[in-house]
Amino acid sequence: MTDSDALSLKGRLLVAMPTIGDERFERTVIYMCAHSHEKGAMGLVVNKPVDGVDFRELLDQLKITEIAIDELPVQYGGPVEKTRGFVLHTTDYKSDGASAVSEDISLTATLDILRDIAAGGGPDRHILALGYAGWAPGQLEDEIKANGWLIADGDAGIVFDSAIDAKWDHALASMGVSASNLSSEGGRA
């Protein structure tokens, strides 16, 4: 493992602090898919549904016709490339387009996985997200230093099993933090 791997947030959760200062990220939990000092970072918000986007309509637009599931929540993955789809999923699903992020979680951005999910197959657990959160080199580190984010373990249970509106609280609890103890004021000890 290199020093940059040791410092990487890949496979971890970013948990927005009340001081985040950007309404797009208020009370968000972001699963980090990539992070390096040289290239920056990329992650998917896992706890914000997209209003007005219906899974079946999305499949119709993509000309996916074999549909065995009734509905799948579509998440707001972040403000970058908001029409591009990503599926965060368990590693039981194997395909050429799947990239392992951690031992438990992979990322796929191909139509094949959507076809498989729509047909009732695909990975055991998954999240469909439109867009992603991205940071230039050093930008995320600056936001963390400015008290914008807490860092939690990339718990697959929080990512896939927690109710959407409970993920922020569950991520905080996984670190032994209660939302009632967080201050909206940043500071230094």
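**Overall architecture and local backbone features of the predicted model**

Of the contacts in the protein between residues at least 6 apart in sequence, 68% join residues at least 24 apart. This value, like those that follow, was computed from a predicted model. The protein contains six helices and nine strands. Its radius of gyration is 17 Å, close to the 16 Å that the globule rule gives for 189 residues, so the protein is as compact as a globular protein of that length. Along the principal axes, the C-alpha atoms fill a box of roughly 55 × 35 × 25 Å.

Buried residues account for 41% of the 189 residues. The protein exposes about 10000 Å², of which carbon and sulfur atoms supply 46%. With regard to charge, 16 positive and 30 negative side chains are present, and the centres of the two sets lie 4 Å apart.

Strand β3, spanning residues 40-45, is mostly covered, with six of its six residues buried. Burial extends to both faces of the strand: Gly40, Met42 and Leu44 are buried on one side, and Ala41, Gly43 and Val45 are buried on the other. Strand β3 pairs with strand β2 (residues 29-36) in the antiparallel sense over six bridges. These two strands form a hairpin, with three residues between them. Within this pairing, Tyr31 has Leu44 of β3 as its bridge partner. Strand β3 is also joined to strand β8 (residues 126-135), by three bridges and in an antiparallel arrangement. In this second pairing, Met42 stands opposite Gly134 of β8.

Backbone geometry was examined next. Most residues other than glycine have a negative phi. Lys63, by contrast, has a positive phi, near 60°. Lys63 is placed in the loop between helix α2 (55-61) and strand β4 (74-76). Because its relative accessibility is 70%, above the 50% cut-off, Lys63 counts as exposed.

Asn147 likewise has a positive phi, with a value near 70°. Asn147 lies in the loop between helix α4 (139-145) and strand β9 (149-153).

Methods:
Residues are numbered from 1 along each chain as its sequence is written. This is a predicted model: local features need pLDDT of at least 70, side-chain atom pairs count only at pLDDT 80 or more; totals for chains, interfaces and linings use all residues. Side-chain values use heavy atoms; hydrogens and water are left out. Helices (H or I, at least four residues) and strands (E, at least two) are DSSP runs, numbered from the N terminus. The radius of gyration is taken over C-alpha atoms; the globule rule is 2.2 Å times the number of residues to the power 0.38. Buried means under 20% relative accessible area, exposed over 50%, partly exposed in between (1.4 Å probe, protein chains only). Contact means heavy atoms within 4.5 Å. Accessible areas come from the Shrake-Rupley method with a 1.4 Å probe; for residues, only the protein chains shown count as cover. Lys and Arg count as positive and Asp and Glu as negative; His and the chain ends are not counted. The place of a charge is taken as NZ of Lys, CZ of Arg, CG of Asp or CD of Glu. Two strands pair if DSSP finds at least two bridges between them.
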